[in-house]
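Opening the notebook on this one.

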Amino acid sequence: MKALVLMLAAWMLSTLPAQAAEPVQRLPDGSLQLPIEAQRRLDIRTQLTQPGEAARTLTLPGRVVMDPNAGGRVQALAGGRVVPGPQGLPVPGQTVQAGQVLAYVAYGANPVEAANQQAQLAELRSQGSLAAQRVARLELLEGTVPRKDIEAARAELASLTAREQAVAPSVGAREALRAPISGVVASNHAVAGQVVEPRELLFELVDPARLMVEASTADTALATSLAPRSPARLVGVPAAQLQLLGAARALRDGLVTLSFRAQPIKGTASLPLALGQPVQVLVALPQRQAGVVLPAAALTRSPANEPVIWLKTGAERFVPQPVQAQPLDASMVLVTHGLAESQRVVVQGAALLSQFR
């Protein structure tokens with residue numbers, strides 16, 4: 001009887017409607033009521049704020065350029081028609097080796113010049129043949145003819161042979177375009193059969209592990225205040241690290257150019273960058289500034305496009321807090337205003353909290 005009662009009670013409980021999960025609520029004051037279960041599903045993580053110091057940073061506009069010691073351009077010395085190389089024309093992204101023939105440029109002489117070259121070559125060959133016969137006859141009469149005549153005939157034959165060897169390659173000649181470095185084809189401007197002009201750019205080669213970044217600034221004193229080992233980063237590119245090479249001593253469009261060498265961090269084979277790509281360079285200044293260092297993921301934007309962070313003020317309550325912050329590197333920011341000590345800040349999942357309306 002007891003077992004029957006327990007089975008009946010279990011059946012009655014199973015027929016009751018399941019309790020609905022507590023909903024997420026956005027309160028009138030802008031705060032967010034987020035149940036514990038929802039926090040676990042969204043993988044919300046927080047940490048306590050601790051005031052500290054960090055170097056001031058400055059964001060400069062820049063672009064990716066070619067390292068002159070790890071890149072090259074392939075141009076035609078004379079005009080002509082493009083002919084594919086032994087392995088065909090390379091395509092962008094293809095790996096090539098130094099000295100590899102990328103293409104040929106067949107010189108395109110006009111019909112009159114080509115006819116003159118062929119006529120000159122035929123005349124030289126005829127004169128060379130007659131000179132060779134004359135040398136042979138004089139050598140048979142050696143001792144009966146003056147030696148100076150034999151030497152003059154030999155010199156004339158050598159001169160005609162050298163002239164023929166110099167003129168022959170110019171008939172139907174072509175220029176081999178070779179890769180100046182080992183690297184990757186960054187751009188290809190050549191098509192089979194294309195007629196190119198002298199010094200026209202056909203290929204650009206680059207070593208993807210060795211690139212440079214040029215940043216511009218209107219502050220001429222910044223170039224002298226930065227140390228050669230000043231840390232610098234690319235915003236949004238955590239796989240790259242920058243090394244300051246120096247600053248130009250001439251203005252370009254009213255700005256000073258700072259040169260950085262971009263290098264991959266340990267364990268990365270190449271840089272996720274392309275020639276001409278616009279980037280933002282984050283430079284650390286010698287001055288230090290007080291604030292709270294937080295992960296960059298903790299900083300979000302409000303509907304008014306204002307930088308905010310989320311404070312956890314209760315077990316299930318989150319409040320947006322407007323702040324002033326500046327980036328430190330690709331993954332950290334320094335909050336200079338808007339935070340106090342020992343406040344609990346959302347450092348993971350903050351972007352998800354901003355999506356609730």
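**Sheets**

I started with an open sheet of 4 strands, ordered β5-β12-β10-β7 with antiparallel pairing. Its edge strands are β5 (71-75) and β7 (95-96), each of which pairs on one side only. For my own reference, strands are DSSP runs of E with at least two residues, helices are runs of H or I with at least four residues, and both are numbered from the N terminus. Two strands pair if DSSP finds at least two bridges between them.

Before going further I noted the ground rules: this is a predicted model, where local features need pLDDT of at least 70 and side-chain atom pairs count only at pLDDT 80 or more, while totals for chains, interfaces and linings use all residues. Residues are numbered from 1 along each chain as its sequence is written, and side-chain values use heavy atoms, with hydrogens and water left out.

Next I looked at how β5 pairs with strand β12 (residues 201-206): the two run antiparallel over 5 bridges. Picking out Val74, I found its bridge partner in β12 to be Phe203.

I then turned to another open sheet, also built from 4 strands, in the order β9-β8-β6-β11 and with antiparallel pairing. Here the edges are β9 (174-178) and β11 (195-196), each pairing on one side only. Strand β8 (residues 101-107) is joined to β9 by 5 bridges, and the two run antiparallel. In that pairing, Ala103 stands opposite Leu177 of β9.

**Salt bridges**

How many salt bridges are there? I get 8, by the rule that a side-chain nitrogen of Lys or Arg lies within 4 Å of a carboxyl oxygen of Asp or Glu.

I checked Arg317 and Asp29, whose side chains meet in a salt bridge at 2.5 Å, N to O. Arg317 sits in strand β20 (residues 317-322) and Asp29 in the loop between β1 (25-26) and β2 (32-33), so this pair ties together parts that are 288 residues apart in sequence. Accessibility came next (buried is under 20% relative accessible area, exposed over 50%, partly exposed in between, with a 1.4 Å probe and protein chains only). Arg317 is partly exposed at 32%, whereas Asp29 is exposed at 52%.

Then I took Arg40 and Glu37, a salt bridge with its closest N and O atoms 3.4 Å apart. They are 3 residues apart in helix α2 (residues 36-42), which means about one helical turn separates them. Arg40 is exposed at 60%, and Glu37 is partly exposed at 48%.

The last pair I looked up was Glu214 with Arg252, closest N and O atoms 3.1 Å apart. Glu214 lies in strand β13 (residues 211-217) and Arg252 in the loop between β15 (240-247) and β16, so parts 38 residues apart in sequence are tied together. Glu214 is buried, with 17% relative accessible area, while Arg252 is partly exposed at 42%. I also noted a network of salt bridges linking Arg63, Glu214 and Arg252.

**Ser259**

Buried or exposed: which is Ser259? I have it as buried, because its relative accessibility is 19%. I placed Ser259 in strand β16 (residues 256-264). Leaving aside neighbours within four places in sequence, I listed the contacts of Ser259 (heavy atoms within 4.5 Å) as Met212, Val213, Glu214, Gln243, Leu244, Leu245 and Gly246. Glu214 turns up here as well as in the salt-bridge network.
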